[in-house]
Amino acid sequence: MTPAHEAIDALIIGAGPAGLMAAEMLASRGHGVVVCDAKPSVARKFLMAGKSGLNLTKNEPLDEFLRAFDPCPPALEHALGEFGPSQTIEWAEGLGQEMFTGSSGRVFPKAMKASPLLRAWLTRLDATGVEIRAKWRLVGLTDHAEFDTPQGPRTVAAKATILALGGASWARLGSDGRWTALLSSACDLTPFAPANAALDIAWSDHMTRHFGTPVKGIALSAGRFQSRGECVVSSRGLEGGGIYSVSRGVREGLPLHIDLLPDWTEERVHTVMGSRKRKETLSSFLRRAFRLPPAKIALVMEYGRKAPDIGSVLKSLEISPLTLRPMDEAISTAGGVAFSAITEDFELKAMPGVYVAGEMLDWEAPTGGYLITACLATGRAAGLAASRALTASRAG
């Protein structure tokens, strides 16, 4: 039975990708590691992300990869420079997972799911002596960590502690942001905000029959944020990869514009518009002349049918007003521990010996492999830094 009070070398709180990678770095260098997580099982959000296909990273040059992080603080840039797309692929292959790169550059395990990779990872961690404690919720953090556990209150004093507590989305999977109450007096925190989020739209009744329909072959933009892909009309608004990539612009108050014919020039669109027959309805004309599917026509009728220049509407359909879906439904969050509060080694300036990693740091990137790679990279950087500190203290 775990004693009520114990002293250990390395404590990691949070068993997502960042925490598990930190554990791997420490254990592989001979340090005793205990990983605590509030949930009954580990990496729940990671498993959910991989349910429909685990997009582990994006196979592209590092400088291009880094541009997805806007801004990319120096500590994060260095971590990704040490463990970027190519290293992530090599790491997964080292766990026996055959990887492949899709046409968009996104990288997936051949098995597609996250569970085989996670099982192999946990087996390797177990072989190096990593101890994982489930249902251990952090309730206090000073010079020691205090937990609520199934066996009652427990206190752990560690020479090095790594926090990998996640952001504030998908609370049921473990990322509830409650840790902010424990750190607010010790470091600067940026308020959480939804990132990679769906859009909340109050549709008129005529959109009902299109719910669940994908809208393909479009280009989306919200200010400087742009994407080329698709979205899905849902009962609550618009969602999907194309929307997530521009949701930051919407969060910043900018309208969404959709180019329904991204492969057509404006001149060509306006030329074809001139061929509309006098008595032809707009919906019939759009279907005949542009071969627009019903969902695209519905969007035009919803937001642009009264516009004097339908040709311009087809190239830049403005969707407004709109808001983002609630933060807990977002794929990720912006905000968290400010980079100004940590050293280049991811150590909290106000709490020496305590490191932070993963989504609890204030960085933001679109979906497409960037999120998981950054969690792995920051967990690795924090784990290596903690290992160096532990080794130095032993030598001293």
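Strand 3 and strand 5 (residues 106-109) pair in the antiparallel sense, over two bridges. Two strands count as paired if DSSP finds at least two bridges between them. Strands themselves are DSSP runs of E with at least two residues, helices are runs of H or I with at least four residues, and both are numbered from the N terminus. In this pair, lysine 58 stands opposite arginine 106 of strand 5.

Before I go on: this is a predicted model, where local features need pLDDT of at least 70, side-chain atom pairs count only at pLDDT 80 or more, and totals for chains, interfaces and linings use all residues. Residues are numbered from 1 along each chain as its sequence is written, and side-chain values use heavy atoms, with hydrogens and water left out.

Three strands form an open, antiparallel sheet in the order 3-5-4. Its edge strands are strand 3 (57-58) and strand 4 (99-101), each of which pairs on one side only. As a reminder, strands of a sheet pair through backbone hydrogen bonds, either parallel or antiparallel.

For a parallel example, take strand 1 (residues 5-13) and strand 2, which pair over four bridges. Here isoleucine 13 stands opposite cysteine 36 in strand 2. Is strand 2 buried or exposed? Five of the five residues of strand 2 (residues 33-37) are buried, so strand 2 is largely enclosed by the rest of the structure. Buried means under 20% relative accessible area, exposed means over 50%, and partly exposed is in between, using a 1.4 Å probe and protein chains only. In a regular strand the side chains alternate between the two faces of the sheet. Both faces of strand 2 are covered: Val33, Val35 and Asp37 are buried on one side, and Val34 and Cys36 on the other.

Now some single residues. Threonine 88 lies in helix 5 (residues 85-94). Threonine 88 counts as buried because its relative accessibility is 0%. Its side chain reaches the backbone oxygen of glycine 84 at 2.8 Å. Leaving aside neighbours within four places in sequence, threonine 88 is in contact with Leu56, Thr57, Phe83, Thr373 and Leu376, where contact means heavy atoms within 4.5 Å.

Arginine 325 is in the loop between strand 17 (323-324) and strand 18 (332-337). Its relative accessibility is 13%, so arginine 325 counts as buried. Which side chains does the side chain of arginine 325 meet in polar contacts? One is that of aspartate 200, at 3.2 Å, and another is that of glutamate 329, at 3.1 Å. A polar contact is a pair of N or O atoms within 3.5 Å; within protein, one must be able to donate a hydrogen and the other to accept it, and residues adjacent in sequence count only if both atoms are side-chain atoms. Beyond four places in sequence, the contacts of arginine 325 are Pro194, Ala198, Leu199, Asp200 and Arg236.

Glutamate 280 is also a loop residue, placed between helix 9 (266-273) and helix 10 (282-290). Glutamate 280 is buried, with a relative accessible area of 15%. With neighbours within four places left aside, glutamate 280 is in contact with Phe285 and Arg288. The side chains of glutamate 280 and arginine 288 are joined by a polar contact of 2.8 Å.

Last, the empty space. Rolling a probe the size of a water molecule over the atoms shows where empty space is left. On a 1 Å grid over the protein atoms alone, a cavity is a set of points where a 1.4 Å probe fits but cannot get out; a pocket is an open set with protein on both sides within 12 Å along at least five of seven lines; lining residues have an atom within 4 Å of a point. Grid points are joined across faces, edges and corners, and a volume is the space filled by probe spheres set on the points.

How many cavities of 30 Å³ or more does the structure hold? It holds one. The largest cavity has a volume of about 40 Å³. Its lining includes Ala195, Ser332, Trp363 and Glu364.

The second largest pocket holds about 710 Å³ of space. Of the 26 residues that line this pocket, the closest to its centre are Gln226, Ser227, Ser245, Pro366 and Thr367. Strand 13 (225-234) and helix 8 (241-251) are the elements that give two or more residues to this lining.
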